[in-house]
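Hello,

Here is the structure I said I would pass on to you. Please have a look at it first, and then read on for my notes.

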Amino acid sequence: MSRADLHMHSTVSDGGYDVPALIKKCAEAGLTVISLTDHDSTDGVETAEKMAEFYGIKLISGIELSTRFHGQSVDILGYGIDICHPFLQEKLQFHRGKRIDRMQKMINLCQETGLEVTFEEVEKEVTGVTFSRPHLANVLIKKDYGTTVQDIFNKYIGYGKPCYVHKEDEMSPEEAMEIIHLSGGVAVAAHPVYYDIDEHLTSWLKEKKLDGVEVYHRDHDEKNRKRFNKLVSEAEKSTGIKFFRTGGTDFHHESYGRSGEIIGGALLPYEEAVFLQTYLSSR
Ligand SMILES: [Zn+2]
């Protein structure tokens with residue numbers, strides 16, 4: 001049976017495998033349609049394309065943009081984007097700079113809390129271009145301040161914990177959708193179960209700002225898959241547009257503390273992945 005996984009991360013952002021190793025894992029898992037969706041960077045896409053071709057896998061260029069909406073983090077996936085688009089790259093660079101500022105502030109708080117960690121140590125953990133909290137967590141684990149990334153998040157750097165710092169000047173979901181559209185991609189709301197913005201998702205679909213919803217994310221149980229399928233179906237009925245229903249495991253690494261991170265383990269119907277892939281390649 002052919003399988004697809006349209007949501008995964010490499011060491012370009014906060015994943016645990018570099019791009020060649022990740023694509024090899026996809027091949028071993030029998031995946032035939034995939035997308036690399038690193039946070040706020042497309043730096044892995046070119047290598048991913050080459051590796052995917054080598055293994056006979058269809059790769060959709062992807063990204064996961066971090067945004068803020070009514071005080072919460074909302075991620076927007078972009079599929080089929082032109083990774084060389086100057087406007088896209090300019091925006092990405094600006095937001096990566098913001099991530100570095102935030103990391104420096106979190107490191108300062110760690111030091112004030114008595115944890116011995118420096119910016120240089122965290123920088124060494126960053127294999128790609130995006131600074132993320134798991135990089136800081138890895139340094140803290142090495143220094144025995146915790147056992148797993150999740151443990152470090154729970155104690156120090158998770159939301160509301162002593163060394164947590166809010167991201168500043170984040171883009172709005174609508175800005176992210178616009179950037180994705182300008183760079184030729186389709187915009188999909190990532191793992192909507194993490195937020196409570198169903199009404200907004202519906203509006204964005206109807207306003208043609210959003211092109212789809214990640215109905216089949218690893219963390220969506222049957223109830224939520226039905227919930228978001230229904231949401232998309234209703235928007236389809238009222239607009240006459242066929243939207244995308246995507247899905248994936250949001251794979252980072254087997255040992256990243258979240259249970260059940262198995263590449264290709266999401267329940268995305270293969271025909272939904274093919275629908276997206278065919279749409280993007282037929283333009
Ligand atoms: Zn993700």
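Predicted model: local features only at pLDDT ≥ 70, side-chain atom pairs only at ≥ 80, totals over all residues.

The protein chain splits into domain 1, made of 3–83 + 173–281, and domain 2, covering 92–157. Taken over C-alpha atoms, the centres of domain 1 and domain 2 are 26 Å apart. Where the two meet, eleven residues of domain 1 are in contact with twelve residues of domain 2. On the side of domain 1 that touches domain 2, there are two nonpolar, five polar and four charged residues.

Strand β6 spans residues 212–217 and is mostly covered, with six of its six residues buried. Which strands does β6 pair with? One is β5 (residues 186–189), which runs parallel to β6 and is joined to it by two bridges. The other I looked at is β7 (residues 244–248), again in the parallel sense, over four bridges.

V213 in β6 turns up in both pairings: it is the bridge partner of A189, and its bridge partner in β7 is R245.

β5, helix α8 (residues 198–206) and β6 form a right-handed β-α-β unit. From β6 the chain goes on through helix α9 (residues 222–239) to β7, and this β-α-β crossover is right-handed as well.

I would be glad to hear your thoughts once you have had a look.

Best wishes

Note on methods
Residues numbered from 1 in each chain as written. Buried ≥ 20, exposed ≤ 12 C-beta atoms within 10 Å, placed from the backbone. Pairing = 2+ DSSP bridges. Right-handed = clockwise from strand over helix to strand, strands pointing away. Domains from an automatic or database assignment. Contact = placed C-beta atoms within 7 Å. Nonpolar A, V, L, I, M, F, W, Y, C, P; charged D, E, K, R; others polar.
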